[in-house]
Amino acid sequence: MERFIAGLVKDFESGKVGRREFCQTVALAAMVYGAGEAANAQATRGFEMIGINHISYSCPDYTKARNFYTSLLGMESTPGKDNGKRANLMFGPEPGKGGSFIVARTTPTDAKPSRAVVDHVCYTIANWDEQKVRGALKAKGLEVGGREGSLHVFDPFGYYVQIASAEAENAFRR
Amino acid sequence: MEGFVAHQLNAFEQGKISRRKLIKTLTAAATTAYATGGAGAAETEGLKAALVNHISYTCPNFRQAADWYSKVFNLDQIGARDKDVALPFGKRGDQPYGVTAKDVPLTHLIFRTRDLNPPPAAGEAPRPKVQAVIDHVAYTVADFDREKAKAELKSLGVENVRDGGLYSLHMTDPFGYDVQISGFANNALTDG
């Protein structure tokens, strides 16, 4: 800004711009600058998202959910966190370093419903091998639906579980 | 493989699965085991969830929901269609936090407005009755400080902000859905 004003002053002094034009230009520059500051201030509000911390999953029998997600998707039941009513099922990066977990709970699901629902969760499988993935799902006796690179099954409580490759499910390839 | 067959057979004998289901399951297992190079391959290699790919959120007005999450979490909206839009947790080319594998995309939220009980597609069985619910989703945010976060949420007009355990905050989104935020201190080792 300072350099811009200095150039403008120089032009004014040399007669390249008149007083009126000088004043209008400075005023316009100030307005643009102010708008930019406001935009920057707006952009810094809110939070910076890192990732999913956990998903709270309530069902009639958490042990069935625990067994399903650990055996099918390789999640690990956190040692010491299974108290007979709930368990933490870890996956992804290490806990506290970007890792996520499902909290599987035995809880009545008749709470007052919100007007929104998380109707499914999709998990990424690295090194996707279609045949291997289908094989692993079928080996569990599951009915497998979906398309190449994106398959789905239903868990023991009828919840829709999607499993996908990076190519098939990617926000930037929609 | 033998253990798996025995397990299925027990289930059949106890009346937990039908004859048809038993045959179908064992046929699928047998042919799959062959295709993947042996029963051991299917049973021991298994799958491993690397990360949440996306969370599908359905509500009466997906634009309103997406705008709220964009505002609170500074998320861009991309790939908008008539009934849905995606909000990735970063920019194109960003690597998910803590992930080294190159074929794991950024997690994203998909906001939709749609019928949750559509008739089954041709050739597909009807959906089973859902007996589970994801009653809230918790997000990890950078530089989380509970008191500062509380003030920030209030300044953003977020409703029903309240403490959650030792390390987090809960709030309610525009459709009454419970949303939790925390830093890294809330994790599988500390929660519960």
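The legends below describe close-up views of a predicted model. Residues are numbered from 1 along each chain as its sequence is written, and chains are lettered from A and ligands numbered from 1 in the order in which they are written. Because the model is predicted, local features need pLDDT of at least 70 and side-chain atom pairs count only at pLDDT 80 or more, whereas totals for chains, interfaces and linings use all residues.

**View 1. Overall course of chain A.** Chain A holds four helices and eight strands, where helices (H or I, at least four residues) and strands (E, at least two) are DSSP runs numbered from the N terminus. From the N terminus on, their order is α-α-β-α-β-β-β-β-α-β-β-β.

**View 2. Strand β4 of chain B between two partners.** Strand β4(B), residues 133-141, has nine of its nine residues buried, a residue being buried if 20 or more other C-beta atoms, placed from the backbone, lie within 10 Å of its own. Strands pair if DSSP finds at least two bridges between them. Eight bridges join β4(B) to the antiparallel strand β1 (residues 49-59) of chain A, with S58(A) opposite V133(B). Strand β7 (residues 178-182) of chain B pairs with β4(B) in the parallel sense over five bridges, and Q180(B) in β7(B) is the bridge partner of A138(B).

**View 3. Surroundings of I181(B) in the largest nonpolar core.** The largest nonpolar core has 84 residues, and those with the most contacts inside it include I181(B), V137(B) and Y57(A); such a core is a set of buried Ala, Val, Leu, Ile, Met, Phe, Trp, Tyr and Cys residues joined through C-beta atoms within 7 Å. Leaving aside neighbours within four places in sequence, the residues in contact with I181(B) include F47(A), A138(B) and F144(B), contact meaning that C-beta atoms, placed from the backbone, lie within 7 Å.

**View 4. Domain 2 of chain A against domain 3 of chain A.** An automatic or database domain assignment gives the bounds of domain 2 (49-111) and domain 3 (118-174) of chain A, whose C-alpha centres lie 18 Å apart. The contact takes eight residues from domain 2 and six residues from domain 3. On the domain 2 side, α3(A) gives the largest share, five residues.

Note on methods: Buried ≥ 20, exposed ≤ 12 C-beta atoms within 10 Å, placed from the backbone. Contact = placed C-beta atoms within 7 Å.
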